[in-house]
Amino acid sequence: MKRLLTFLLATAIAPASAAALAPDQTAYPDAQASDPVAMGWMVGAPPPPERLIQRNDMSFMSFPQLRWSFSHWRHFMPTAEISRGDEAASVLPRRLRDDLDEVRFTPLGGDAPMTWAQSLDANYTDGVIVMHRGEIVYERYFGALTPNGQHIVHSVSKSFTGTAAAMLIAEGKLDRDAPVARYIPELADSAFGDATVSQVMDMTTGLAYSEVYTDPNSDVIAFLRAGGTVPRAADYDGPRTTFDYLRTLTKAGEHGQAFAYKSVNTEVVGWLVARVSGQTLAQVFSDRFWKPMGMERDAYIQVDSSGAGFAAGGLNMQLRDLGRFCEMMRNEGVFNGRQIVPSAVVRDIAAGASQTAFASAGYATLPGWSYHNQWWVSHNDHGAYMARGVHGQACYVDPKAEMTIVRFASSPLASNALLDPLSLPAYQAIAEHLIAAAQD
């Protein structure tokens, strides 16, 4: 149970101290020893008990079993389909390079360099693609993930939800400055009633809500239980849908003062998107992203008992399709010959929000960053920004380097604050290498 409670909704759920800038994975088998195919998870008819992974005993969120379950999420959770439609898949040009594995960098807080290839093992990478100037220059898969496979992206889901909401704002269907209750009167008496659309999108709400996964009395556990992820006791009489749970939250402090990463904000954003569009989140993603972008595979999203998509962390998709989405963002919303997202929306996301409001959260690995429309913005000299998912999921957009990196992973460590010391300098090193190589 403890591992389930540490994983689902956050990307960097607690501020990282300076002493915690490097991953401590010594308690776990390494990437090779925990390879899910080599371990034979779920092989057999039926699998033997020692190789069986189930939801009811939470083994699907135990390590190393999760290295298999992240690539087979709908074995364990109810889901809704996100259709790609009937058109041919858009082309992803390929010009593979053989010089990236040996690109070297020094981890944050460290003094010994390592290579890009070494970092992939260290972060338990399941799949990674590097795109440069619109072409795939590097693509690798590990463990249970195949090129056609689907993998849970965890909180990268938030950035899809936030982008869809920002599109509705650009279309005049949603007012960024309006109170949430204008669109969702059911939340009028909750903590969100007087919060603005912008405040829930940027997570600057003042909520009496704790997101501490190791505390069984934390509010996040009640949230997961309401949505059906955490099992309910026989005498449970609390909320039974995500929507019902959101109505119970109360305020603490004032909205708009400081950034605080609380995934219930994204569930409100998802509710806003569904309410204003008149569609389910799965339908919105299909119509606005999957069909017009020419995605290669259908995707799916975890749903609760009301059929509502898990906006904060339930999206499952193919790695190449995440590459398409991130490349679209790098190209200011254009992909497959179409303007998918208005360029003004992409520029607004990339510009970020208040760095002062973000700094109060104390993320040691993200100095000078901000959070805007459910995206993490670096404000570095490359203008990089990213979508981040717990256990190592990533969509990293570097406009200056004309590069995007997408990664699926299944690290035993449920916090990007512990993965950033390897990931962020590795991304920067690849970007600088590609810039230098393009100039030769």
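Mentor: I will start with the core, then turn to the helix and its partner. The model is predicted; local features need pLDDT of at least 70, side-chain atom pairs count only at pLDDT 80 or more, and totals for chains, interfaces and linings use all residues. Residues are numbered from 1 along each chain as its sequence is written, and side-chain values use heavy atoms, with hydrogens and water left out.

The largest nonpolar core has 79 residues. Such a core joins buried Ala, Val, Leu, Ile, Met, Phe, Trp, Tyr and Cys residues through side-chain atoms within 4.5 Å. Buried means under 20% relative accessible area, exposed over 50%, partly exposed in between (1.4 Å probe, protein chains only). Phe160, Phe192, Phe285, Phe289, Trp290 and Phe325 touch the most other members. Helix H5, residues 156-170, gives the most to this core: 8 residues. Helices (H or I, at least four residues) and strands (E, at least two) are DSSP runs, numbered from the N terminus.

Take Phe285. Beyond its neighbours within four places in sequence, Phe285 contacts Ile82, Phe160, Thr161, Trp290, Ile301 and Leu315. Contact means heavy atoms within 4.5 Å. A second, separate core of 38 residues includes Phe105, Trp116, Phe259 and Ala429.

Now the partner of H5. The axes of H5 and helix H10 (residues 264-277) come within 9 Å and cross at roughly 45 degrees. That angle makes H5 oblique to H10. Under 35 degrees counts as roughly parallel, over 145 as roughly antiparallel, 65 to 115 as roughly perpendicular, and the rest as oblique. Axes are lines fitted to C-alpha atoms, for helices over the stretch in contact, with angles from 0 to 180 degrees between N-to-C directions. The crossing of H5 and H10 is left-handed: in such a crossing the near helix is turned anticlockwise from the far one by less than a right angle, whereas clockwise is right-handed.

From H5, Lys158, Thr161, Ala164, Ala165 and Leu168 meet Thr266, Val269, Gly270, Val273 and Val276 of H10. By class, this contact has 6 nonpolar, 3 polar and 1 charged residues.

Elsewhere, helix H8 (residues 219-227) has Val220, Ile221, Phe223, Leu224, Ala226 and Gly227 buried. Gly228 follows H8, with a positive phi near 95 degrees. Ile136 lies in strand S5, residues 135-141. Ile136 is buried, at 1% relative accessible area.

Note on methods: Ala, Val, Leu, Ile, Met, Phe, Trp, Tyr, Cys and Pro count as nonpolar, Asp, Glu, Lys and Arg as charged, and the others, Gly among them, as polar.
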